[in-house]
Amino acid sequence: MSSIRRQLLIGLLVPVFAGGIAAAAWTYVAARDEAGVLFDYHLEQIAWSMRDRSFQRRPIPPHSAAELENDFVIQIWDRGGVEIYLSRSHAQVPGLSPPGFSNQRTPDAAWRVFSAQVRGRVIQVAQPQRVRQRLAADLALRASVPIALLIPLLAAIVWIVVGRGLAPLTALARAVGKRHSTALESLEPKDMPIELAPLVGELNSLLARLGATLETQRRFVADAAHELRTPLAALQLQAQLVERAADDSSRAAALAELRRGVERATRVVEQLLTLARQVPEARTAGGTPVDLESLAQAVVAEFAALAAEKGIDLGIGRAASVLVPGDRDALHVLLANLVDNAVRHVPPAGVVDVDVGRDQGVAFVAVSDNGPGIPGDERQRVFERFYRVAGSGVVGSGLGLSIVREIADRHGAAIALEDRSGGGLVVRVTFPRRT
Amino acid sequence: MRILLVEDDPMIGASVREGLRQDGFAVDWVQDGVAADTALAAETYDLVLLDLGLPRLSGSTLLERLRARKSDIPVIILTARDTVDDRIAGLDSGADDYVVKPFDLDELAARIRAVARRRAGRAAPRICYRDVELDPAGHSASLCGDPVSLAPREFALLMALLERPGSVLSRAQLEERLYGWGEEVESNTIEVYVHGLRRKLGTDLIRNVRGVGYMVPKA
């Protein structure tokens, strides 16, 4: 798992260390070179300061060891190349060197030498390289140490700032973590940095959607429980009439009613379960291609017996092999509900047709019947859960068309209720054009 | 007692009508609010059993209209809406009682009797008139303490007369209270029942007001 903290720390601390070390090294080198230039200037100045003197050769007392360490050596030669001045007697001093600056070696030391010809004399000033280097190193070190010391300080600051910067994220995580599963109100963190706003916004909108889904489910459960009361109330009354029956024939009639009541209650529960399975928000778009024609054949076969019992002519009208992407089981439920509705509402000896085809390239399946139809002002309401058409005399769950719409929505399909020419209803489900 | 049952569910409606008929009530059943409104305007009922979730015209609207017309007919709400708020709203909008589905037929009948009793200005469950005592719950009658067997419609007719001693009920009014829609009313039936009651309880109990109807004199 990637870590913002680690990325920030690596991304900041590595440059800080590398940059710090490079800066210290560069300072060291630059300071040393600068010291070299300065020492050369000194050599030159000393040489020039000697040009007007007259010298007498005279013996010079030996120098102490400390003096030997640091000393410049000044040598002056006259026109004839006779050494007329030697500032001190080193064991070894560089001989006459070319004019200007040069590096010379004697067997026991390396020298930096400045040599100049002035008024027939050669003035030469030499300094041991060792001394120069030591002084330059001291100088350079003193210049670069503060930079080196700054590195850990900067690192510590980076560490703290990164930690502070990420604190709102940690706080947000804690706030989300502490939530109860039913607490769906918006997150409103205090002092929220602007960078977190999109995340919090998205989280809040997710929470809102979750809340809406939960509310839908809760209302569905409440509605369902409420709607179960009706079939249960009927069952209770029917059972009581069985108890009261005075003779066998009235008992048989009451029992038949009770059985119908149980069938109705069972159907309501089954429809509720079907609907509950369709409700989940997850849109299972796409899916595998479903052949509407074979689906229609399967559904018609399923209802053939029931239709025959009622003397209804159920069959497939127009047929064509049409493939639509979708969930075959769900589409089966959709078509079965439409056919079931039609068979229930059509009077005996009615006609129910299932048509499958394409209209201008748009796939559709339609169920038409010559029943009483649905009045225009009720056509919107019939899709509401638990809505029943008044005076139909048909005992239904009021859920069939809700289920149909739920499934159609999932497939992006549209449902239209139309008048059938010659009376009756056509329910047409049109699938979206393939893109 | 003639009751208008307003219930859109076919199974519940059929069962309640059947059960209440067995209890000796005359029941007319309509399945939507508009039909109920029409029936209430056209006919006289002693009580309305009202479902709230009705197609075309909701039960609560129907009740409001009824009370706005100054009708004081007793109304018992039959509904699946069971929250306290629903009950309060139902009772406050003019209902006399509130029964939540699922309910028991016997309880419903008892509540109908209780509402009818209060409406008649009585508190005692039994109706006493001279030596005659009627028990509406048990559908039994007694004369001087001895049980008398009455046919359900004889009982209903006697109840109707004893509820308001001194007032005259016409034959048509009595028929209305004895028969629901679709129940065959034979000619002379009222006379047959009156005859039966006189035979069992004494000839001076029910007076014939010639050309008008029947009454029991004020005690």
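B:Cys144 counts as exposed, with 9 C-beta neighbours inside 10 Å; a residue is termed exposed if 12 or fewer other C-beta atoms lie within 10 Å of its own, buried if 20 or more do, and partly exposed in between, the C-beta atoms being placed from the backbone. The phi angle of B:Cys144 is near 50°, a positive value in a residue other than glycine. B:Cys144 belongs to the loop between β8 (140-143) and β9 (146-148) of chain B. Helices (H or I, at least four residues) and strands (E, at least two) are DSSP runs, numbered from the N terminus. The model is predicted, and local features need pLDDT of at least 70, side-chain atom pairs count only at pLDDT 80 or more, and totals for chains, interfaces and linings use all residues. Residues are numbered from 1 along each chain as its sequence is written, while chains are lettered from A and ligands numbered from 1 in the order in which they are written.

A positive phi in a residue other than glycine is also found at A:Ala349, where the value is near 70°. A:Ala349 is placed in the loop between α7 (328-345) and β9 (351-359) of chain A. A:Ala349 is exposed, having 10 other C-beta atoms within 10 Å. In chain B, the peptide bond that joins B:Lys101 and B:Pro102 is cis, with omega about -5°. B:Pro102 is located in the loop between β5 (97-100) and α5 (105-119) of chain B.

Chain A contains 8 helices and 12 strands. Of its 435 residues, 26% are buried. Among the contacts in chain A with a separation of 6 or more, 66% are between residues 24 or more positions apart; two residues are in contact if their C-beta atoms, placed from the backbone, lie within 7 Å.

An open sheet in chain A is formed by 5 strands in the order β2-β1-β5-β4-β3, with antiparallel pairing; strands pair if DSSP finds at least two bridges between them. The edges are taken by β2 (83-86) and β3 (100-106) of chain A, each of which has a single partner strand, so one side of each is left without a neighbour in the sheet. On average, neighbouring strands of this sheet are turned by 25° against each other, direction ignored. Helix α1 (residues 4-49) of chain A packs on the sheet and touches β1, β3, β4 (109-118) and β5 (121-128) of chain A; its direction makes about 145° with that of β5(A). Axes are lines fitted to C-alpha atoms, for helices over the stretch in contact, and angles run from 0 to 180 degrees between N-to-C directions.

Strand β1 (residues 73-77) of chain A is joined to β2(A) by 3 bridges, and the two run antiparallel. A:Ile76 has A:Tyr85 of β2(A) as its bridge partner, and A:Trp77 stands opposite A:Glu83 in β2(A). The hairpin of β1(A) and β2(A) has 5 residues between the strands, and A:Gly81 there takes a positive phi near 85°.

Elsewhere in chain A, helix α8 (residues 400-410) includes A:Glu406. A:Glu406 counts as buried, with 21 C-beta neighbours inside 10 Å. The C-alpha atoms of A:Glu406 and A:Leu275 are 7.7 Å apart, although 131 residues separate the two along the chain.

The contact of the two chains takes 18 residues from chain A and 20 residues from chain B. On the side of chain A that touches chain B, α4 (197-244) and α5 (248-278) of chain A each supply at least two residues. The largest share of that side, 12 residues, comes from α4(A). The residues on the side of chain A divide into 7 nonpolar, 8 polar and 3 charged, where Ala, Val, Leu, Ile, Met, Phe, Trp, Tyr, Cys and Pro count as nonpolar, Asp, Glu, Lys and Arg as charged, and the others, Gly among them, as polar.

The axes of α4(A) and helix α1 (residues 10-22) of chain B come within 9 Å and cross at roughly 30°. Residues making this contact include A:Leu237 and A:Leu241 of α4(A) and B:Ile12 and B:Val16 of α1(B). The residues of the contact of α4(A) with α1(B) divide into 7 nonpolar, 6 polar and 2 charged.

In chain B, α6(B) is mostly covered, with 10 of its 12 residues buried. The buried residues include B:Phe155, B:Met159 and B:Glu163.
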